[in-house]
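Subject: Structure handover

Hello,

The sequence and the structure are below.

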Amino acid sequence: PSWLAIRPKWQAYAAIPFYQAVDNIEVYRPANLVIPGVMPSFWSNEIASYMVRPLIRKLHSKNQFDAIVSFDLSEGGGVAWRVGHDLGLPAAGWATGSDIRSDPESPHGRRVAQTLRNLDLVLYQSRELLAIGARLLKVSPEELQQSGRHHVLPQGVILPNPSSKHSGRTQVRTALSITDEEVMILYVGRIVHDKGIFGLIDVLAKNSDRIKRWKLVFLGSNRAFDQTEDFEAHVHRFPELC
């Protein structure tokens with residue numbers, strides 16, 4: 001509830017609408033009970049699936065879903081297989097990165113392993129993530145793939161229309177005041193330590209005399225959900241980069 005939104009992250013959640021129609025796709029965002037710091041590995045699976053189940057049952061009655069897909073194995077995946085079992089539908093999950101990187105003996109690792117065992121189909125963005133999944137389940141990557149339920153399937157990137165590529169590039173560089181002689185490097189992702197961007201700044205600072213033509217652009221900042229402020233402070237430690 002908005003009256004409890006005293007932190008930036010909570011304020012961001014409170015401002016999210018329950019329902020939206022985007023390009024004829026219906027998007028629902030049901031509320032979930034969260035008790036900060038109290039048994040996060042529990043509420044993010046069992047309680048979350050319990051709270052969204054009435055809405056999903058109602059939507060299934062209306063639309064007759066064929067399957068459940070989660071683009072997250074840490075929390076959404078736990079909801080996906082439970083809802084799938086409840087509706088009698090196959091449930092799939094897609095491992096994309098930090099959602100699966102975990103110590104097998106940690107609460108988070110055990111939660112992901114449970115999800116891997118219960119999903120009907122698991123897709124991995126890379127062979128590295130498949131190997132991590134195998135480690136969580138304490139089997140070899142080969143054994144995991146032989147089960148027929150685990151597959152490497154990178155999401156990839158849709159190439160732009162060749163006719164619009166040049167004009168789009170020019171517009172972006174003009175908007176960012178980047179000349180044709182300069183090299184633009186684009187980072188797309190969350191602004192967090194685990195992505196390596198703090199280390200990237202350290203490396204660039206040590207070689208600042210060799211990268212005067214480089215222009216770095218970071219896309220993906222959301223102050224309520226990441227480390228944008230820490231990253232800005234880190235960048236400003238090196239005046240030669242600003």
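Helices (H or I, at least four residues) and strands (E, at least two) are DSSP runs, numbered from the N terminus. This is a predicted model, in which local features need pLDDT of at least 70 and side-chain atom pairs count only at pLDDT 80 or more, while totals for chains, interfaces and linings use all residues. Residues are numbered from 1 along each chain as its sequence is written, and side-chain values use heavy atoms, with hydrogens and water left out.

Overall

The chain has nine helices and eight strands. Its C-alpha trace spans about 60 × 50 × 45 Å along the principal axes. Of the 242 residues, 31% are buried; buried means under 20% relative accessible area, exposed over 50%, and partly exposed in between, with a 1.4 Å probe and protein chains only. Contact means heavy atoms within 4.5 Å. Taking contacts between residues at least 6 apart in sequence, 62% join residues at least 24 apart.

The sheet

Four strands form an open sheet in the order β3-β4-β5-β6, with parallel pairing. Two strands count as paired if DSSP finds at least two bridges between them. At the edges are β3 (68–70) and β6 (150–152), each pairing on one side only. From one strand to the next the twist averages 20°. Parallel strands β4 and β5 are joined by four bridges, and alanine 92 stands opposite leucine 121 in β5.

α3 touches β3 and β4, and its direction makes about 170° with that of β3. α5 touches β4, β5 and β6, and its direction makes about 155° with that of β6. For these angles, axes are lines fitted to C-alpha atoms, for helices over the stretch in contact, and angles run from 0 to 180 degrees between N-to-C directions.

The cores

In soluble globular proteins, nonpolar side chains tend to be buried together. A nonpolar core here is a set of buried Ala, Val, Leu, Ile, Met, Phe, Trp, Tyr and Cys residues joined through side-chain atoms within 4.5 Å. The largest one has 27 residues, and those with the most contacts inside it are Leu73, Val83, Ile100, Leu116, Leu119, Tyr124 and Leu136. At least two residues come from each of α2 (40–63), α3 (76–87), β4 (91–95), α4 (107–118), β5 (121–124) and α5 (127–137). The biggest contribution is from α5, with six residues. Apart from this core lies another, of nine residues, including Ile197, Ile201, Ala205 and Val235.

Leucine 116 touches Leu73, Val122, Tyr124, Gly133, Leu136, Leu137, Arg149 and His150, not counting residues up to four places away in sequence. In α5 the buried residues are Leu129, Leu130, Ile132, Gly133, Ala134, Leu136 and Leu137. They pack against β4, α4, β5, α6 (141–146) and β6.

α3 and its surroundings

The axes of α3 and α4 come within 9 Å and cross at roughly 35°. This crossing is left-handed, a term used if the near helix is turned anticlockwise from the far one by less than a right angle. On the α3 side, Gly77, Gly78, Trp81, Arg82 and His85 meet Gln114, Thr115 and Asn118 of α4. The residues of this contact divide into one nonpolar, six polar and one charged. For that count, Ala, Val, Leu, Ile, Met, Phe, Trp, Tyr, Cys and Pro are nonpolar, Asp, Glu, Lys and Arg are charged, and the others, Gly among them, are polar.

Leucine 87 also lies in α3 and is buried, with a relative accessible area of 18%. Leaving aside neighbours within four places in sequence, leucine 87 is in contact with Ile56, Arg57 and His60. Its C-alpha atom is 9.7 Å from that of isoleucine 68, 19 residues away along the chain.

Two positive phi values

Most residues other than glycine have a negative phi. Asparagine 24 has a positive phi of about 65° although it is not a glycine. Asparagine 24 sits in the loop between β1 (19–22) and β2 (25–28) and is exposed, with a relative accessible area of 81%. Lysine 138, also not a glycine, has a positive phi of about 60°. Lysine 138 follows α5, in the loop between α5 and α6, and is exposed at 61% relative accessible area.

Regards
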